[in-house]
Amino acid sequence: MEVISIFIPCTVDLFLPHIAEDTVSLLRRAGVKPIYHKEQTCCGQPAINAGYREQAKKAAKHFIRVFGDDEKVVSPSGSCVCMVKYHYPELLAEESEWRRRAEELSLRIYELSQYLVDVRKVEDVGASFDGKVAYHESCHIVRGLGVSEQPKKLIRAVRGTQLVPLKAADSCCGFGGEFANSYPDISESMVKDKVEDYLSSGADLLLLCEPGCLLNIGGFLSRKHPGKKVLHLASFLAEYQETMNDKR
Amino acid sequence: MEKVKQSARDEILSKLKSAPREAVASRPDRPVLKELSLIRDELIEMFSKNLVQETGVVHRVKDRQEALEKLSQIAQEERLKKVMIATDDVVAPLNLVDWGKKNNVEVMTPQDFGNRDSYVDAVFEETDAGITGADFAVAESGTLGLVHHRNRARLVSLSPILHIAIVPVERMVAVYEQAIEKVFGKKESLPSQFCFVTGPSMTADIRGIPFKGMHGPRKVIAILVG
Amino acid sequence: MEIKTEQFSEVAREGLKNAHAHAFLKLRANFVRARRETALSTFPDAAAAQTYGATIRGEAIARLPELLEEFEKNALANGARVFWARDAKEANEYIVNLAKEKGIEYVTKGKSMVTEELGLNEALEKNGVKAWETDLGEFIIQLLHLPPFHIVGPAINISVEKVRDLFIEKINLKEPTLDPVQLGYAARLFLRDKFHRVRMGITGVNIAVAETGTLINVENEGNIRFSKSSPRTQVSVMSLEKVVPNLEDALHLVRLLCRNCTGQKLSVYVSMDNTPKKDDEMDGPEELIIVIVDNGRSKIYQDKIAREAMRCIRCGACLNSCPVYREIGGYAYGWAYSGPMGQVLNPLLLGLERTQDLYRATTLCGACKGVCPAGIDHPSLFLQYRAKDVLSEKTFRPKKRGPTERSFFRLWTWAVARYWLWNLGVRMVRPFINKEAHESVLRNVRGPFEGWFRSRDLPAMAEKTFHDRWKEIQNQNPEWKIQKDNTQV
């Protein structure tokens, strides 16, 4: 059985650990064995986003040490994967051995839906949900990684589910890490637009693949529209997993 | 000895030259211009479709005679009383001064006026239409190519509210490059100005609402001859 | 032009409150996006066309001094005059003196952002020369004494009512009309008189072609053509980076510019100037004067990464795609250049210290980078500017980061490479964060996170992180135990 090393972003580890558990369960259903290196900490995004490049380099090197020997690394976060794929080689450009290791690792790291559909060739993970769902295309995933069809394929394979379009699915939800806290007025206006789009789409659930977006949209929904839900795709597929009874 | 202050030019250039330089990446192939594969009739059709989309009017006529008849028709429809014409190699052979007499239209050329200022006064205030030839008709966007020179003054195609351009079909080309090749081919004979003109003047600066005839002509009529 | 980059938050808040403008920008964004995509689809391979544009602009920046020299040589051979200006003061002085020498009372201006950067209009007016903006949008904001709202449509946010009232007051509009066509016609008549008698026209330059010394202007209205053809003196102002190698490159960029900017295949007028008018021409400039402006660019050029911002061809596609611009409009950016292109350019020209918000008020969503035909990586540049603040790189006039932040990252760095310390830190911080938690939901946390909690909740920090849980998960599934070398037990 293929062994997959999972990288769990700090947002998930600290605030949304159930997403990590759902990721594990999803990978198991796809027929792989996930392992989790306890030495992992953070990919370094907060540092590089704040301009602390030397500090981000240290995070990068630690990450490469922890994950460097894994055949494949999968993460339920597109922004972390982008950090590793695109920023690590550039951060470590001046240290040729580290740069080589970063470039090499960048070929082996995947966002979760990307891994399942493109590498594992799995779309049907055995789930059913009778209702309409909409999908928010997170910036790092759609523009950073060019991943858009993969999550939708996984959603469309869920029995009974209808994927309805959003008016501006790939428009930023206004998270941007520190941005949401430093420019709260603008951020609020952006998440408000995103939620209006969701609410007027007719969808029962909003799905996405990025923990940051989940905290942002989820946090706004919790405060302003408590009945409406947003789920990470892994959690959706876990929650609506078909049991043996469902299949009969 | 007094140090001569470096000129701005030399200072700027030397700063640029002493910056860290970059090897220039080799270029990928220039993108293909798909219009190049079309034959003339297709080009004429593409040109017309594109110009009409910009609210331009396109007439196709067989020869000079028909061109003059078309002009008479336009003069009537547009109620033209005074027009300013170019004296370029397309318009000159039409003998529009004669045509004007027959059609009750006063035909002026820039050279009629003794001096620049009088000509400019006339082309701003007393002209219902400007009639010029064109050096090119570019199919890819319904665009006219106009070289400006003594026989094709600039304001004739810009100032009046109506611009009538007469273009022999032999001058139809597919893409801008074909026009540019001819116009800029010889360094010693560069024109003072070359213009690509695509339909009437327009703007959408008020609330994004587009309309024609902001400063230049509100209407453009192209007469394709041949 | 007044610099208000330090009032970003204030002005952004005003922009956000304007529901009218917000609705307009949202609607417009979808419309403009569709038009741009349709226009780009006329290329057999739109992505390749955009990439080729980026290649041309990359080469133009890499070869900047040589191309400028070549351009100057050819322009001079064509009979143009070329004046190099180190900064706004030199450029403005030169142009003002030109006007005064000739006893010029007024000039007509084509839309030129570099002249806004220079504050040229103010300099002329201080010296008794009236500068009439003639692009309709620029004309409107000039009369209103407002900065530009959008680099392509500077008055796009002004209501039709406001334009009507303005024209009644300032340009003798007789019939109070809300028809933009009638309003435009009133402006046409008013400005036509100016074009008729103007003796000096001042324009910008979209592209300067090195190989032939040609100046190219791209416009829809015709005001630039008038400003170059009616007067006896033409002054064309260009910043250093406008130059490209040859005419084929210029044509490719013009195709991209028009499609990215307004969704047109080609704008109505593309005028290409080489020489002053020939002796026997009846109109056109007797003098063709080119002003090449540095104003901080040769300094930016020293930094290989930062100078990529100079690729910009001013198409405005980034503004149209930006989710932040869509919320706050153009005024918040505080200077001649707004939206993402202003966010990459203003900090370099004005210094980082007074433009902090410009490269921090972004989610790094990458929409701008995705549409840019010149190949600018805006998000990457924003990160670079933030890094320059942290490293205090003097050339960029940085703003030093505060001690709390620097201490935080010192601690963070120490912990990030030591997982036991990292997890200890999490354990220690949890009770503080979760102090105000109610049913596992945080509605407020005292301290520096007030911004988040204004309109959002946050899940409380989990009592057990996934890291804590993994051991349990593994114990529950003994067949999952994996040895250190990643093989199964």
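This is a predicted model: local features need pLDDT of at least 70, side-chain atom pairs count only at pLDDT 80 or more; totals for chains, interfaces and linings use all residues.
Helices (H or I, at least four residues) and strands (E, at least two) are DSSP runs, numbered from the N terminus. With that in hand, I looked up chain B and noted six helices and 12 strands.

Residues are numbered from 1 along each chain as its sequence is written, chains are lettered from A and ligands numbered from 1 in the order in which they are written, and side-chain values use heavy atoms, leaving out hydrogens and water.

**Chain neighbours.** I checked contacts, meaning heavy atoms within 4.5 Å. Two pairs of chains are in contact, and chains B and C share the most contacts. Chains A and B do not touch, with their nearest C-alpha atoms 16 Å apart.

**Salt bridges.** I searched for a side-chain nitrogen of Lys or Arg within 4 Å of a carboxyl oxygen of Asp or Glu. The whole structure gave me 71 salt bridges over all chains.

K72(A) sits in the loop between helix 4 (53-67) and strand 3 (73-75) of chain A and E2(A) in strand 1 (residues 2-6), so the pair ties together parts 70 residues apart in sequence.

Next I found R469(C) bridging to E21(A) at 2.8 Å between the closest N and O atoms. R469(C) lies in helix 22 (residues 466-476) of chain C and E21(A) in helix 2 (residues 17-29) of chain A, so this pair joins two chains.
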